[in-house]
Every structure is written in C-alpha cells, then in structure tokens.
Amino acid sequence: MPKADNELTWRDLEIGCIATNPGSSSAYRTGDWRSQHPEYDFSRCIKCGMCQMYCPEGCIQTSKEGYFEANLYHCKGCGICARECPVWVISMKEGTK
Amino acid sequence: MTKRVGMEVSIAVAEAVKLADVDVVAVYPITPQTHVVEHIADLVVDGELDAEYIPVESEHSALSACLGSAATGARTFTATASQGLELMQETLYVASGMRLPIVMVVANRAVSAPLSIWGDHSDVMTVRDSGWIQIFNENGQEMVDNTICAFRIAENQQVLLPVMVHMDGFNLSHVIEPILLPDEEQVKAFLPTNNYPLPLHPSKPVAMGDFAPPFIFTEARWAHEEALRNSKRTIVEVWDVFAKEFGRQYKPVESYRTEGAKTLLLTMGSFSETAMTAVDKIREEGLSVGLIRLRLWRPFPFEELREALQGIDTLIVLDRALSTGGPGGPVASEVRAALYSQNPRPQIVSFVGGLGGRDITVENFETIIKRGMEIAKSGSDKEFQMFGVRE
Ligand code: SF4
Ligand code: SF4
C-alpha cells in the first residue's frame, strides 16, 4: 500500500522532490479553494463545447450522454463557463459543493 | 610533472574549469569575475575545452540555463559577483532546492549603493541561506584546488547540491601568483563521471521543481537541510582524498599558530594571509595570539569550530560585511550563536572592516588584535566595532 499524502516523511521524497510519475499533478486536489461552483440545466444544452474550450483549468469533461460537466476536484469556480455558454445552461452558485 | 607557473588567479580558475572537463558554461561577465569567463571563452573557441558556452543576457538567465543543463546530467559551471549574484537570487534557491550539482565561482564584491566594484563579503551574506555549499579561499592555489574539489563534492550521490567557491574580488581575482596546475590525467582520475540520478530524458519523463502543497513542503525543506548538513562528511572526505592525491590538505576550520594561545583572531577569505603575518609579529612581541580561518561557511562547521576554540579566553572576529541595523558582523554573529551553549565560552569581540575594497594591512590587524584584547578586558556597550571609520 502506498502511503497517504499526510503520512509521507522527508525520506520518502525523491531527490530534490522530483516527480517521477508523468501526470501526477492531476492527483492534487486544487479545487478546494473554490467559493462558487457551476450548476447545470442540461435540458437546454446544445452540446456545443464552448464551456470546455473556455475553461482555463481544462477541467470540463464529457459525460456518457455527451454533456459537458466540470470536475469539481479541479474546478476553481471562476464562472467563465457560465459567462460563455450561449444558452445559459450554467449558473454559478455559492459554496464549494 | 606539474610545475609552478606565474598566473593571474582568474586565469588559473578558468584552467581549473578546463581540467574539470565541464560540459556547459553559462555566464554573464561582471567585474571582478570577468577574466574567469573571458578565459573560458578563449579555451572553448581555441578548441582546448570541449564545452557548450552559453553567452546569456543576464545573470538570472545564466543560472537558469545552468539549471536546465545540470538537470540533464551535464557538468555545469558558472561564475558571478555582487549585483550579478543579486540578480540570480531567485534561481539560486531553485538550484539548491532541486539539488542540482552546479559549481559557481563568486568573485566577492560589495553591493550597491553606493556603487563599488571592489571586494568585500556583502554579496555572500545576501545568499547565506540559499542552501548552497559555500567554500572560502585564501590564495590562488586554493581557488584552483577547490574549484576542482567542488565538482566532486557537488556531484557526489550523497550530496547533490550546488557549490559556491568564493574568491575575494581583486585581492585574489586580479593578482598574479605562483600556481601549480594539477596534471590533467590526475584530475580526470580524481573526478568521476557526473551521474545525476534522475536526469531529464525523453525516455523517462520527470518533473523538477514541482508544486509542493503544505502537506509536503516542510518535508522537502527538511530533506534539503539534512542533505546540506550531512554534506560536511563528504566535503571532508573529498579534501582528504585530494590531500592524498595532490598533497595539499584543506579542512572546514583551519588554524595558524594557535598553540598555547588564549586569544585568537578569526578571519574568512584572502585577508587571512595578512592576518598570519600580523600574528607572527605579535608573537615576536611575546603575546601568545593565534589565528582561526573559516574555510567552510555552509554547511557551518559547528563541531570543528567549538573544538578549535576550546580553552581560549578571547576571540576577535573580523567581518568584511555589515548586517546593517543588526548584530554587525555576520560571521561574528554566527560564531556567537555557535558558542552560546558552550561552558565556558570565550569573550567575542566583533570588528567590521575591509569594506568595498579597503585594505586591512598587517599593522591594522595588529591594532585590531590589541584593541580586541582591551575590549575583552574592559567590555564594550557596542555590538561591534567599525574598524577604521572616520567619525
Ligand atoms: S467555473 Fe471556471 S474552472 Fe470551473 S468549470 Fe467553469 S470555467 Fe472551469
Ligand atoms: S457551452 Fe453551454 S450549451 Fe455549450 S456545451 Fe457547454 S453547457 Fe452545453
């Protein structure tokens, strides 16, 4: 079993804290300082993908049904997707969710 | 056979870099380091040194280029001074935090303003906590020897830290001295191939200098602290091997005529040789005074210093830098801290002098020693004495 983050000691680190697993930064939960989060009314969604292109975090994923939805592990709650959606699917709500 | 040749110390340092067979040199010229980097450029264009020479647009870029080069496992050298070292500040911490074995010669010089191109240790003190190994030198031969040793220390698998080799501006950089340049084959045998354990390579991607959230930053800092503190063992080993191979011995703390002395003077860098002459003269007068020279500034040699200062009554420290508005001499203040826990401990008298290229002559040192002894007896309400200032 690999150690949990808060169990790692300085001896567990690679020299110079070098990360040896490609893509390992995706494991960082960087969405937890969000003060707002996106909520969706997909009944209006035309699946244009504008929200995904504009999201500065690249955290909008497509669901099985082909809808575009934020991954809240990484979403910063900036509201750009809500602003750019041409048919007002997305609304920003207070709270981290 | 190696033979002694008269040579400017900066040129000798460049020759030492050539002997170390570096792969990459990224530098920006600045007085009083210029002759080092000019001569390396000559060696590269003349085909005497097969290295990539990167003439960059600033010192920040110089060290940044070195980061990239050292990260691929290439043997990497740079040199700077004063304002250049200031401009490197940000990348200095990156180099040590990423544990990249870069060797840098610093031609110690005052920091502006007012503008001064002359020597003192103000530049060194601004990078005291940058996490580099820092070695001081007293003459040209030591510069050559320690430039070579620095690569073996930096690249040692237990160390993997950048090393600054300090060369006092002008007092060392611009003087011509008799130098023994070590034999090329002997240096080759002394310096194993650089073998950085996790180099940048497309076949095995790694990320360096990555983001460290609060849950791991403290551990990363502690790993760096452990590495720097423990590097002293390797530094001493490398100096011992060097002594066996080349016949010249270096130590973290060195002493001169300390036998029986109750009063010692402590210096760092090129002024130590002048201080030795002053100690000789004072000994002739019948006063038993000796000299301690701090060679290793980082990691700070606590044990060796305490050992060297055992049983003395008075320690007089000369600093060539001023901790403005603070304790005065940075070396004196660290020595005080190192000795505070000792019982008994000597009286410590701190002098600051030799700033911005002002000489401290043999006579000046005699005055410093005698005044230091008086102050130790009578006490002083000042943290330090500003030597030679016209009031
Ligand atoms: S709120 Fe910002 S970060 Fe979150 S999904 Fe929308 S655009 Fe991306
Ligand atoms: S921008 Fe709006 S309509 Fe377009 S995919 Fe995103 S949510 Fe759907």
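Predicted model: local features only at pLDDT ≥ 70, side-chain atom pairs only at ≥ 80, totals over all residues.
Helices (H or I, at least four residues) and strands (E, at least two) are DSSP runs, numbered from the N terminus. Residues are numbered from 1 along each chain as its sequence is written, while chains are lettered from A and ligands numbered from 1 in the order in which they are written.

**View 1. Thr367(B) in helix α12 of chain B.** Helix α12 spans residues 362–378 and contains Thr367(B). Thr367(B) counts as partly exposed because it has 16 C-beta neighbours inside 10 Å (buried is 20 or more other C-beta atoms within 10 Å, exposed 12 or fewer, partly exposed in between, with C-beta atoms placed from the backbone). Between Thr367(B) and Ala278(B), the C-alpha to C-alpha distance is 9.4 Å, although they are 89 residues apart in sequence.

**View 2. The open sheet of chain B.** The sheet consists of 7 strands in the order β3-β2-β4-β5-β7-β6-β12, with mixed pairing (two strands pair if DSSP finds at least two bridges between them). The edges are β3 (52–55) and β12 (296–298), each with a single partner strand, so one side of each is left without a neighbour in the sheet. On average, neighbouring strands are turned by 20° against each other, direction ignored (axes are lines fitted to C-alpha atoms, for helices over the stretch in contact, and angles run from 0 to 180 degrees between N-to-C directions).

**View 3. Strands β6 and β7 of chain B with helix α6.** Strands β6 (residues 133–136) and β7 (residues 163–168) run parallel and are joined by 4 bridges. Ile133(B) has Val163(B) in β7(B) as its bridge partner. Helix α6 (residues 140–155) packs on the sheet, touching β5 (103–108), β6 and β7 (contact requires C-beta atoms, placed from the backbone, within 7 Å). The direction of α6 makes about 170° with that of β7(B).

**View 4. The shells around ligand 1 and ligand 2.** Ligand 1 is surrounded by 13 residues, the closest being Cys55(A), Ala70(A), Cys75(A), Cys78(A) and Cys81(A) (C-beta atom, placed from the backbone, within 6 Å). Residues surrounding ligand 2 include Cys45(A), Cys48(A), Cys51(A) and Cys85(A).

How values were computed. Contact = placed C-beta atoms within 7 Å.
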